[in-house]
Amino acid sequence: MQNKGLINTFAILFGLVSLYSISFSFSTKKAEDKAFEYANTIATDGDGKEVAKIERQYLDSVANDTNLYFNLYTYNDIKEKSINLGLDLKGGINAILQVSVKDILKGLSNDSKNPIFNQALADASKAQSESNRPYLNLFFDSFEKIKGDTNLSDADIFGNRSLYEKINSGKSNDEVEAVLAEEVSNSISTAFRVLRTRIDKFGVTQPNIQRIGKSGRILIELPGAKDIHRVQKLLQSTAELQFWEAYSNQEVAQYLIDANTKVQELLKADSGETADSTEVAEKTISELLGGEEDPTSQEAQNNLFSVLSPNIPRSQDRTSAMVGFASLKDTAKVNKYLAMKEVRNLIPANLKYVKFLWDAKPRKDSEIITLYAIKSNRNNKPPIEGDVIDDAIQTFDQLGINPEISMTMNSHGSKLWAKMTTANVGKFVAVVLDDYVYTAPVVNDAITSGRTSISGSYDINEAKDLANVLKAGKLPAKAHIVQSEIVGPSLGKEAIEKSIYSFVLALVLVFVWMIFYYGKAGIFADIALVINILFIFGVLTAFGFVLTLPGIAGIILTIGMSVDANVIIFERIKEELAKGKKLKQAIVDGFSFKGALSAIIDANITTMLTGIILFMFGTGPVQGFALTLIIGILTSLFTAVFITRMLVDWYANRGGDFTFSTVITKGWFQSMNIEFLKKRKMAYIISGVVILLGIGSLLTNGLNQGVDFKGGRSYVVKFDQAPNSEEVANSLKELFKSTPEVKTYGSDKQLKITTKFRIEEEGQTIDDEIQELLFSGLQSYLPDGATLEEFQGGFDNQKIGIMSSIKVEPTIADDIKTAAGWAVFGSLLVVFLYILLRFKKWQYSFGAVVAVFHDVLIVLAIFSIFYKWMPFDMEIGQSFIAAILTVVGYSLNDTVVIFDRIREFTGLHKTWKFSEIVDKGLSSTLGRTINTSMTTLVVMLAIFLFGGDSIKGFMFALIVGVVVGTYSSLFVASPIMYDTMVKGENKKK
């Protein structure tokens, strides 16, 4: 072997760097185990949330301690350098946010009232639900259809003051479209920077944020995030900060009494006599908070004050900015009553532009929330906006007890703030963020320093988040989560344990088999395999790549492929030995390009091409699978070709002798001569029958599409007792307006509940309401005293509640399906072209693609026929597409090795009939085909049986694919290639 010294040096250095990188993960694990042990010792009642809090405090205390890693690095340093675990192994949230291009366009138009413009926006929004084209293009198309004499450059659309340097009345629509495309792109870039700043300050290690093409979507992954609700709020907050003057309760009291009377008249109290409005007005806040009678829950009353307790002042000294109080559940009804046209008509002149806003959060330890009355104006433009904020930090009040946010304004803001506070001494000023009032204090003196603060009933994390979003700046438009996957830390820990167990078991089985089949050579292959795994984890850690549960499956699959490379080499060396060559020469020829290397490279390139396509089109865990597959292919090639060669050469040069077999396996699959082509018609019939049955099932049964493809929300819920899935579905039917899909998921105490209820509606509030409905419907199946907070989960050692959840809106579900289709088509096209390039004849490409198409159809058929009967999840989603593309790669791997041998025999045996060449090629590679398939199947069965529940369907697809792929490489690909080749030759004759 040439350059042996260089290769040895590189291998040693690569191994040392890999060990160094991986060592940080072990040190981090040791520190976190110690923290967990300490937290369990200190926690008073073993509550999961308390344990998590103490664990976090312990890790914070050692964050800068250099005693953790040879006195060189702190905990924060080694945590940063350790391997990145994905959501399914660590818990956390993976979300895709859609930045509203519609809101950006409205902002660029200064909220134009032009009917053509607004109709085009509405038409584009409607078209978006049925298209995967960018919203901006849909808007341009919609505008073009209805524009008439209207142009985008008109003064009342985009030819306004804010864009006068770029757009004037002389510009054509095409020119304006180019400007708008740039402005929208810049706005999305701004949103990306703002979100990145917020996430960087959130405190999650190894976050990931990236733009997805030009769609206006942003992918965010926060492994290890436990307070999911806090994350969702942080991500979706627009951070539109405003400073308004506020009315006092005295100024608004009479209007609220008049409004109550009007509401009472309008509703006509269907359920009997209503209370007098003045009597209800006398209800005090103390009665609402703790009295025997709760007016907000008296359904018999049918007026405004049945859901809103007005804060009527007893004297001038008791004036306040708080004009009323309501239960959190009644806020929507209060909003509805105050928005009635007849009620708005009662607004007096001194309250002409009043708008009512709620407090940012309920009072401490209650469900009571405060209502404020803001002094708005004709344009609804605040006197001061958030762009004047230079800095914002979390501090404490003068007593050093309660958290608050201190803000510093720039010079322009300081002047505006001084003017506003001077004009409102003795009155109220409200600080409003995203249409929620955070504080509304009375102004005692004019503030000329440009400093102010926000105080309220916030904990430290909430105050930090608020300071974070204010400092990062506001988003240029609303951003809402269109797709999310949330995994609780308990489920992540369980997945890690099962993955490690299945991984070790798979390795042991492969080690034993290789030694059993190849003897001493098998030991060398096993050593190369261990080095291969070391290299894979070293690369993942050193470059900061994320390891997911499908990623572990990808690593284990590359184990099978690494074994395959060694099998091809060893089988070739055995053939050379059978020809009478000496051991050293047989080794040289076996490792040569004319020997095994050509087939190994071709087989691995075809698999890697499908991995690259999968990485390009996939997201989240699917990309993790593709990444580990690509890395594994490269490292397995290196270890099989160079490391195994180095070990075999070393042993042979020492005078060692081995036959690449054992006493038991000697002669297995040697000198076989099976006439495969004579059996091809029977194979065609069998395949045809199975495919026809599958097509029939696909047309009748269909496929069990997951939320990835059809949209909806899916929750994995854990119970303390095994519930009946049909009873649970019936319990939720009325709440969700249709019967949700409920099925056992893994343990009989765990259910997967899927619903499309209100999936078209946007916003975190809707997501929260769905979870509250789910909790309400499942409460009878939960332990007595279970709370909503406990049910929502998000902490270690979680015993009941939501273990993980997925949300996919219909628009992005369509995009996922389209991307999946392109991924499959792209992989087939690329493979067809590569095989055509390597084998020079289209018949080889055609045979390979037909075999792959055959394999995909049969896997689909199996999933369609059996998904209702199997005891595990057989959903069709992104992971299934990953499995399909892996099947494509594996099938091609098998087929290419056989084709390579047929091509070799074609050149060597020119007097043989082509049918004999094909049969000999298939027979001579049969040992490799069966050996590789068996080891790969053993590995996959280990993961399928002992891996996590979430991966069973994925692994089942791979197992079916390997079996079918092995069959098709023998009975479909080569026979199809032969038939087309012979048919072509006959036509020539």
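Mentor: What follows starts with the helix pair and then moves to the residues and salt bridges around it.

The model is a predicted one. The protein has 33 helices and 21 strands, and 54% of its 989 residues are buried. Of the contacts with a separation of 6 or more, 74% are between residues 24 or more positions apart.

The pair to look at is helix α21, residues 593-617, and helix α30, residues 878-908. Two packed helices are described by the angle between their axes and the distance between the axes. Here the axes come within 8 Å and cross at roughly 155°. Angles over 145 degrees count as roughly antiparallel, so α21 is roughly antiparallel to α30. The crossing is right-handed.

On the α21 side, the contact is made by Lys 594, Ser 598, Ala 599, Asp 602, Ala 603, Thr 606, Thr 607, Thr 610 and Leu 614. On the α30 side, the residues are Ala 882, Leu 885, Val 888, Gly 889, Leu 892, Asn 893, Val 896, Val 897, Asp 900, Arg 903 and Glu 904. Sorted by class, the contact has 9 nonpolar, 6 polar and 5 charged residues.

Thr 610 and Leu 614 belong to the α21 side of the helix contact.

Now the charged residues. Side chains of opposite charge can pair when their charged atoms come close. The count for the model comes to 25 salt bridges. Glu 904, named above in the helix contact, is part of a salt-bridge network with Arg 572, Glu 576, Lys 579, Lys 581, Asp 589 and Arg 901. Glu 576 is buried, at 4% relative accessible area, whereas Lys 581 is partly exposed at 31%.

Another salt bridge joins Glu 875 and Lys 752, with 3.2 Å from N to O. Glu 875 lies in the loop between α29 (842-866) and α30, and Lys 752 in strand β20 (residues 747-755), so the pair ties together parts that are 123 residues apart in sequence. Both Glu 875 and Lys 752 are buried. For contrast, take the salt bridge of Glu 675 and Lys 678, also listed at 3.2 Å from N to O. There Glu 675 is partly exposed, at 38% relative accessibility, and Lys 678 is exposed, at 66%.

Last, a residue in α29: His 854 is found in that helix and counts as buried, at 5% relative accessibility. Setting aside neighbours within four places in sequence, His 854 is in contact with Ser 687, Ile 691, Val 964, Tyr 967, Ser 968 and Val 972.

Terms used: Residues are numbered from 1 along each chain as its sequence is written. This is a predicted model: local features need pLDDT of at least 70, side-chain atom pairs count only at pLDDT 80 or more; totals for chains, interfaces and linings use all residues. Side-chain values use heavy atoms; hydrogens and water are left out. Axes are lines fitted to C-alpha atoms, for helices over the stretch in contact, and angles run from 0 to 180 degrees between N-to-C directions. Helices (H or I, at least four residues) and strands (E, at least two) are DSSP runs, numbered from the N terminus. Angles under 35 degrees count as roughly parallel, over 145 as roughly antiparallel, 65 to 115 as roughly perpendicular and the rest as oblique. A crossing is left-handed if the near helix is turned anticlockwise from the far one by less than a right angle, and right-handed if clockwise. Contact means heavy atoms within 4.5 Å. Ala, Val, Leu, Ile, Met, Phe, Trp, Tyr, Cys and Pro count as nonpolar, Asp, Glu, Lys and Arg as charged, and the others, Gly among them, as polar. A salt bridge is a side-chain nitrogen of Lys or Arg within 4 Å of a carboxyl oxygen of Asp or Glu. Buried means under 20% relative accessible area, exposed over 50%, partly exposed in between (1.4 Å probe, protein chains only).
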